[in-house]
Amino acid sequence: MDHLRGEADATVREGGLGDFKRQRGRTADEITRRLVRAIFEHRLPPGMRITEEKLSRTFGVSRTLARQATSQLCEMGVFVKKPNYSCTVAHPSREDAQALIDARRMVEPELIRQIVRSASASDLRLLDEHLALEQEARLTGDRSQLIRLTGEFHLKLAELARNPYLASFMMRLQVLTCLAILVHADGETGCPRDEHADIAQKIRSRDAEGAVQQMLTHLQHIELELRLEEVRPSHQPEDTFRWLAGDIGAG
Ligand SMILES: [Zn+2]
């Protein structure tokens with residue numbers, strides 16, 4: 001559990017991993033954070049196969065270390081273990097995506113109530129600094145940065161609530177939501193424009209229930225983008241191969 005907690009803290013604190021060059025002496029936690037950042041920036045697509053061998057070559061580390069990093073991500077449910085020392089990036093089903101949004105509806109309002117109760121002036125400044133980074137990425141048209149930063153806004157809230165268990169849980173929910181967006185939404189989208197600023201404004205004016213309402217509206221918009229009501233083929237990689245083999249669907 002410690003690595004998840006450390007990961008949530010460090011990813012927010014360091015703005016991902018900043019400058020990251022291949023070098024000896026990397027830890028499994030650093031590699032895990034780098035992989036999480038890749039997912040936040042939509043660089044690791046759902047269902048992608050990843051082998052220990054490939055990771056150890058990419059990061060210039062031993063296979064043992066690569067295995068430790070993939071095990072951490074498997075524990076989070078972000079990677080799915082496969083035979084032959086490989087895993088795939090999770091590919092959340094429609095049911096998974098609905099469960100993620102439902103869990104976020106339970107957790108994020110409480111995070112907000114906690115922040116409104118306890119946020120210091122410097123906490124509010126941190127929130128404003130994060131919003132400024134989002135705005136800058138929007139203005140410069142840096143989509144990868146923007147998608148990551150909008151995801152990290154929610155982790156920032158979890159960090160400000162100062163509950164490490166909730167912070168690591170939010171990290172898991174947020175990474176998997178990112179993957180669900182890639183599977184189910186029409187475009188590679190971040191959070192809807194300006195809604196984070198509305199939430200922050202209510203927090204700043206210590207209007208807990210107003211901020212909760214803004215968050216619930218925001219989560220509803222994310223849910224709508226996921227188009228979970230529509231009946232569409234699931235495109236699970238396993239289903240494709242089962243269909244090719246004639247195990248499912250019409251002959
Ligand atoms: Zn958001």
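**Close-up views of a predicted model**

T70 is buried, with a relative accessible area of 5%. The model shown here and in the views below is predicted.

**View 1. T70 and its contacts.** T70 sits in helix α4, which spans residues 63-76. Which residues does T70 touch, leaving out those up to four places away in sequence? They are L55, F79 and C87. T70 counts as buried because its 5% relative accessible area falls under the 20% cut-off.

**View 2. The largest nonpolar core.** This core holds 65 residues. L35, I39, L44, V78, F79, I112 and I203 touch the most other members. Which helix gives the most to this core? Helix α8, residues 164-184, does so, with ten residues. Domain 1 (2-89) and domain 2 (94-226) each supply at least three residues to the core. In soluble globular proteins, nonpolar side chains tend to be buried together.

**View 3. I112 and its partners.** I112 is among the core residues that touch the most other members. Setting aside residues up to four places away in sequence, I112 touches I199, I203, A208, A211, V212 and M215. One of these, I203, is also on the list of core residues with the most member contacts.

**View 4. The whole chain.** The protein chain has eleven helices and three strands. Along the sequence, their pattern reads α-α-β-α-α-β-β-α-α-α-α-α-α-α. Of the 251 residues, 48% count as buried. The chain exposes about 12,400 Å². Carbon and sulfur atoms supply 52% of that area. Among contacts with a separation of 6 or more, 75% join residues 24 or more positions apart.

Key: Residues numbered from 1 in each chain as written. Predicted model: local features only at pLDDT ≥ 70, side-chain atom pairs only at ≥ 80, totals over all residues. Heavy atoms only, no water. Core = buried A, V, L, I, M, F, W, Y, C linked by side-chain atoms within 4.5 Å. Buried < 20%, exposed > 50% of the residue type's maximum accessible area, 1.4 Å probe, protein only. Helix = DSSP H or I, 4+ residues; strand = E, 2+ residues; numbered from the N terminus. Domains from an automatic or database assignment. Contact = heavy atoms within 4.5 Å. Areas by Shrake-Rupley, 256 points an atom, 1.4 Å probe, with all protein chains shown as cover.
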